[in-house]
Amino acid sequence: MLLLYAMQAEADPFIEVLGLERRESCWHPFRVYSGRDYEGHELTVMTSGIDEFYSVDNVATQNAAVMAAMGIKTYQPHVVINAGTAGGFKACGAKIGEVFIGNNFVYHDRRIPIPGFSSFGIGGFQFSPPAEFCSEFRKAVITTGNSLDITANERRVLMELAKGYVVVKEMEATAIAEMCFQARVPLIAIKAITDLVDGERCSQDEFMQNLQLASHSLQGAVACALRHISNGLVRQITQARNHWLVDVILALFAEK
Ligand code: SAH
């Protein structure tokens, strides 16, 4: 089992509670920890590490994709778990600290208006956990982009999407889904809400204020996921491309 976190603050409560030990890294600057979970299963945790120059976490898609690819190649996990924080939507009834499990993964900032490439740009990966898996957490479309903030047009599209689907917005999961899909390794993505995209406050202030609280809910949710995970469950996670969702998002971007 391989757990991937973008931010050290998101991972620390989990690393501490399980007493995981730091290991030599398979790729500078990622940090690697290993040990056993509550059931005694071996697990490896990776965080994307700290930027040498700016001293902040290496968030966003580039490091997430490389971390997933290097982690899968090095540790050969039977399942990848991506745990992190995300922006929720009041329109979907999301609350700060609420935890969601991703079942569909798209990009909202990869627009490539050339036939074929436009669909590719949205991505569209589906990893469906069984309905009874952590049933206290809602299932959501995770939309990934390389910005914490949002352009007016992206906001319009995501607000429309949020009328028909439960949506959460963050900066890594779809990049990880893309690598897991290519490697045919099942993915479980668990996201705790730090801020509300359609709330009154700006994401960065709300994010900083709620990061600790959300990281705490996240740790509880990851513990729940680990208790449920068995080989039987992992085999039930189906992988597919979700062209229908890609088409919905492309149609929303086409509207002005
Ligand atoms: N100022 C913060 C910035 C972290 S970037 C800091 O350095 O402490 C935000 C991280 O939280 C990313 O890993 C992203 O996946 C997640 N995230 C939380 N809320 C988000 C939102 N509304 N939009 C995009 N990413 C969000």
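Two residues are taken to be in contact if their C-beta atoms, placed from the backbone, lie within 7 Å. The views below show a predicted model.

View 1. D195 belongs to strand β10. Setting aside neighbours within four places in sequence, D195 is in contact with G87, S203, E206, F207 and N210. K169 stands 26 residues from D195 in sequence, and the two C-alpha atoms are 9.8 Å apart in space.

**View 2. Packing of helix α1 against helix α6.** Helix α1, residues 8-18, packs with α6 at an angle of about 45 degrees, and the axes of the two helices are 8 Å apart. The two helices are therefore oblique to each other. Their crossing is right-handed. On the α1 side the contact is made by A9, E10, P13, F14 and V17, and on the α6 side by L211, S215, H216, L218, Q219 and V222. The residues of this contact of α1 with α6 comprise seven nonpolar, three polar and one charged.

**View 3. Packing of helix α2 against helix α5.** The axes of α2 and α5 are 8 Å apart, and the helices pack at an angle of about 30 degrees. This angle makes α2 roughly parallel to α5, because angles under 35 degrees are assigned to that class. The crossing in which α2 passes α5 is right-handed. Helix α2 contributes T61, A64, A65, A68, A69 and I72 to the contact, while α5 contributes A175, I176, E178, M179, C180 and A183. The residues of the contact of α2 with α5 divide into 10 nonpolar, one polar and one charged.

**View 4. The cis peptide bond between H28 and P29.** Most peptide bonds are trans. H28 and P29, however, are joined by a cis peptide bond, with omega at about 5 degrees. P29 is placed in the loop between β2 (21-23) and β3 (31-36).

View 5. Most residues other than glycine have a negative phi. A60, a residue other than glycine, has a positive phi near 90 degrees. This residue, A60, is found in the loop between β4 (42-47) and α2 (61-75). A60 counts as partly exposed, with 19 C-beta neighbours inside 10 Å. R184 is likewise not a glycine, and its phi is positive at about 60 degrees. The loop that holds R184 runs between α5 (173-183) and β10. R184 is exposed, with 8 other C-beta atoms within 10 Å, because the exposed class takes residues with 12 or fewer.

View 6. T47 is located in strand β4. T47 is buried, with 25 other C-beta atoms within 10 Å. Residues up to four places away in sequence are not counted here; beyond them, T47 touches Y5, Q8, A11, F30 and R31. N58 is 11 residues from T47 along the chain, and their C-alpha atoms are separated by 8.7 Å.

View 7. G102 has its place in strand β6, residues 99-107. G102 counts as buried, with 29 C-beta neighbours inside 10 Å. Not counting residues up to four places away in sequence, G102 touches A140, I142, A173, A189 and K191. The C-alpha atoms of G102 and I122 are separated by 16 Å, the two residues being 20 apart along the chain.

Conventions
Residues are numbered from 1 along each chain as its sequence is written. This is a predicted model: local features need pLDDT of at least 70, side-chain atom pairs count only at pLDDT 80 or more; totals for chains, interfaces and linings use all residues. Axes are lines fitted to C-alpha atoms, for helices over the stretch in contact, and angles run from 0 to 180 degrees between N-to-C directions. Helices (H or I, at least four residues) and strands (E, at least two) are DSSP runs, numbered from the N terminus. Angles under 35 degrees count as roughly parallel, over 145 as roughly antiparallel, 65 to 115 as roughly perpendicular and the rest as oblique. A crossing is left-handed if the near helix is turned anticlockwise from the far one by less than a right angle, and right-handed if clockwise. Ala, Val, Leu, Ile, Met, Phe, Trp, Tyr, Cys and Pro count as nonpolar, Asp, Glu, Lys and Arg as charged, and the others, Gly among them, as polar. A residue is buried if 20 or more other C-beta atoms lie within 10 Å of its own, exposed if 12 or fewer, and partly exposed in between; C-beta atoms are placed from the backbone.
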